Amino acid sequence: LFFGLEANAKSYDPNNISYSDLGKIKEKELKTEHCYAALKEHITNYKEKKILNNPQAGTGYLQKKKHPLESLFISQAVITYSEDLIDSLYGGVRDINDQSPMGMIDGYDTIIDNGITAGDIAEANGNYIITGAIAAPANNDDTAAVDKLVMFVRKANRFLRMKGILKMTLNVYNAAIDALENKMKYKNADINALERYINEKCGSKIKIRISDAMGTGDRIILCIPGLWDFGMDTFSDSKFVDVRDPWEDPNLVQIWIQDMKGTRIRTFHEKVFCINDGTPAYHGLSGDYSPPPAP
């Protein structure tokens, strides 16, 4: 729920007491979706092989019908599952017909795009600022990338300028740094110099955060801390990773990962949230989905 308090402070007159509405409540649902990952292996694949760093290899695991690298496989499966989640955290669109990590949940950019479509994010609402594309400098005199960041922060709500975190992709950061170095001839710039320059130009107190999860696009986001939620239904996830043999052939081992998760942005109010007209773009999937090259 988002609770917006409507304060209306005034001078006290005992003969003229008026009241304002206490506030407004608008529901922002954090909907969790069923997600899973399934892996299958045949334990006899290791019958003729000695397993590195596994002193138990070849000493009875076939009789136990137990995968000789069970612990390693579980840990690596969880790491890959986590990488898939990060890949979908911004660009994901919940779609059961998309059997890739990007179909698991609605990511933050999807929530933002839906807010733009619904009219909740718009120039008229003060939470959408036109900057145009933010690209690497075309030459040694091009300072447009950092100039656009300054313009963006200046146009943001004054409360947000004092408390906001400016989120950007590495591509936008690199473009802004190069543009700042064009402006500050013969000086090397870093994230602190960029943050300081913007705050000096805007009279603001923003903090810059570079997010690899945002991908490679030029959408920038200015928001307060704690506005973004990621949730998991822990009540239903008592057994997050399961190792089992559900098939008629007990030599086949299944590693099954399952959870329910979802995202939410609590509010798009201009005092706590603002974006530009940049376009999101994303990296390829982080997991090792392609087979290694032949030796």
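Mentor: Start with a term. A residue is buried under 20% relative accessible area, exposed over 50%, and partly exposed in between. Keep in mind that this is a predicted model.

Now the pairs. A salt bridge here needs a side-chain nitrogen of Lys or Arg within 4 Å of a carboxyl oxygen of Asp or Glu. By this rule the count is eight salt bridges.

Take Lys183 and Asp147. Their side chains meet in a salt bridge, with N to O at 3.0 Å. Lys183 sits in helix H6 and Asp147 in helix H4, so this pair ties together parts 36 residues apart in sequence. How accessible are the two partners? Lys183 has a relative accessible area of 33%, so it is partly exposed. Asp147 also has a relative accessible area of 33%, so it is partly exposed.

Next, look at Asp141 and Lys185. Their side chains form a salt bridge at 3.5 Å, N to O. Here the partners lie in loops. Asp141 is in the loop between strand S4 (128–129) and helix H4 (144–155). Lys185 is in the loop between helix H6 (170–183) and helix H7 (191–202). The pair therefore ties together parts that are 44 residues apart in sequence. Is Asp141 buried or exposed? Asp141 has a relative accessible area of 64%, so it is exposed. Lys185 reaches 39%, so it is partly exposed.

Now turn to the strands. The side chains of Arg264 and Asp229 meet in a salt bridge at 2.7 Å, N to O. This pair links distant parts of the chain: Arg264 belongs to strand S10 (residues 252–265) and Asp229 to strand S8 (residues 228–232), 35 residues apart. Both Arg264 and Asp229 are buried.

There is also a network. Salt bridges link Asp109, Asp113 and Arg219 in it.

Last, the disulfides. A disulfide is a covalent bond between the sulfur atoms of two cysteines. How many disulfides does the structure hold? It holds zero. The cut-off for a disulfide is a pair of cysteine sulfur atoms within 2.5 Å. Cys223 has 1% relative accessibility, so it counts as buried. Cys274 is buried too, with a relative accessible area of 0%.

Conventions. Residues numbered from 1 in each chain as written. Predicted model: local features only at pLDDT ≥ 70, side-chain atom pairs only at ≥ 80, totals over all residues. Heavy atoms only, no water. Helix = DSSP H or I, 4+ residues; strand = E, 2+ residues; numbered from the N terminus. Buried < 20%, exposed > 50% of the residue type's maximum accessible area, 1.4 Å probe, protein only.
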